[in-house]
Amino acid sequence: MRKSRDSRDIFAVFKPGSFMEDASFWEKLKYWFCNVYWFHFRTATFIALAAVVLVCTIISDVTNREYNDLDYILGGSVFANTEQMGKLSEYLGTFIEVPDANPDDEETPHAEVGHQMLCTESVMGTGDQALAIDEYNAASIDKISVSMADDEILLFLFDKRYAEWYAKEGAFEPLSSFGLGGGNEYFVRVDNLPKIEEIGIIHRDGIYAAIKVKTPARAEKERIAEKYEKAAAVLSGILSDK
């Protein structure tokens, strides 16, 4: 019998008096799965499995997430290669105090600094070279927006346009909240500082540092509150390291 015509009661094959009454249970189960269940519920099964995988992935990411001392984003009309991002993260980490958990360990403890480089438009050429990274740029724009809801990412190094736009949207904490000065109430230019300049990050209209707004909900989380202190220490450190 063709699958498409097997429109009996979904469990009819297992009931007494069915056309497979003399078959074994496993033969009935095989027929039912191939000719009834799989034909009628194949799409629903794939959707359910995809949903389960998605939920498991989200739960795994949340429960197994490794927390850094500081997480930051370099974004906008900027570009830094892997080596430059490594140097920048290492430099920023020097301003974070890390307790020595094992005094007998000869290795000097260092801060764990997480980073993302999210270039939103080509700053490295025109024509085919620029078009080749359009999709990446679009994804970067979306990821920057999503990062504003991530409590782990507190420090932002943006181009002037992004810094001004997000400051206008109320996404940044006033620098005065951390006892910091600068050319603007919410962000300060850092690309002209010697140590940052040495790294050689490509940019069009400067790089400006800002710290995400400290909402009451974030302030109540002890670990996040500590990350705010570290972000402020990093910003204070690079501004004074001239």
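**Exercise 1. Find the side chain that makes a polar contact with the side chain of Ser89, and work out whether Ser89 is buried or exposed.**

Step 1. Start with the polar contact. In this predicted model, the side chain of Ser89 pairs with the side chain of Tyr72 at 2.8 Å.

Step 2. Now place Ser89 in the fold: it belongs to helix 2, residues 82-93.

Step 3. Look at who else is around. If you skip the neighbours within four places in sequence, Ser89 is in contact with Tyr72, Val113 and His115.

Step 4. Check the surface. The relative accessible area of Ser89 is 7%, and buried means under 20%, so Ser89 counts as buried.

Step 5. Compare sequence with space. Ser89 and Leu70 sit 19 residues apart along the chain, and their C-alpha atoms are 9.3 Å apart.

**Exercise 2. Work out the strand order of the open sheet and say which strands stand at the edges.**

Step 1. Count and order the strands: 5 of them make an open sheet, in the order 3-1-4-7-5, with mixed pairing.

Step 2. Go to the ends of that order. Strand 3 and strand 5 (188-189) each have a single partner strand, so one side of each has no neighbour in the sheet.

Step 3. Zoom in on strand 7. Strand 5 pairs with strand 7 in the antiparallel sense over 2 bridges, with Val188 opposite Ala209 and Arg189 opposite Tyr208.

Step 4. Strand 7 also pairs with strand 4, again antiparallel, over 4 bridges. Here Leu155 stands opposite Ile211.

Step 5. Sort the side chains of strand 7. Here's a handy rule: in a regular strand, side chains alternate between the two faces of the sheet. Tyr208 and Ala210 point one way, Ala209 and Ile211 point the other way, and all are buried.

**Exercise 3. Describe the largest nonpolar core and find which element gives it the largest share.**

Step 1. This core has 36 residues, and Tyr72, Leu74, Leu88, Leu92, Leu157, Val190 and Leu235 touch the most other members.

Step 2. Among the elements giving two or more residues are strand 1 (70-76), helix 2 and helix 8 (222-240). Helix 8 supplies the largest share, 8 residues.

Step 3. Leaving out neighbours within four places in sequence, Val190 is in contact with Leu157, Ile196, Ile207, Ala209, Ile238 and Leu239.

**Exercise 4. How many disulfides does the structure hold, and is Cys119 buried or exposed?**

Step 1. Recall that a disulfide is a covalent bond between the sulfur atoms of two cysteines.

Step 2. The count here is 0 disulfides.

Step 3. Cys119 has a relative accessible area of 3%, so Cys119 is buried. Cys34 comes in at 31%, which means partly exposed.

Technical notes: Residues numbered from 1 in each chain as written. Predicted model: local features only at pLDDT ≥ 70, side-chain atom pairs only at ≥ 80, totals over all residues. Heavy atoms only, no water. Buried < 20%, exposed > 50% of the residue type's maximum accessible area, 1.4 Å probe, protein only. Contact = heavy atoms within 4.5 Å. Polar contact = N/O pair within 3.5 Å; in protein donor to acceptor, adjacent residues only side chain to side chain. Core = buried A, V, L, I, M, F, W, Y, C linked by side-chain atoms within 4.5 Å. Pairing = 2+ DSSP bridges. Disulfide = S-S within 2.5 Å.
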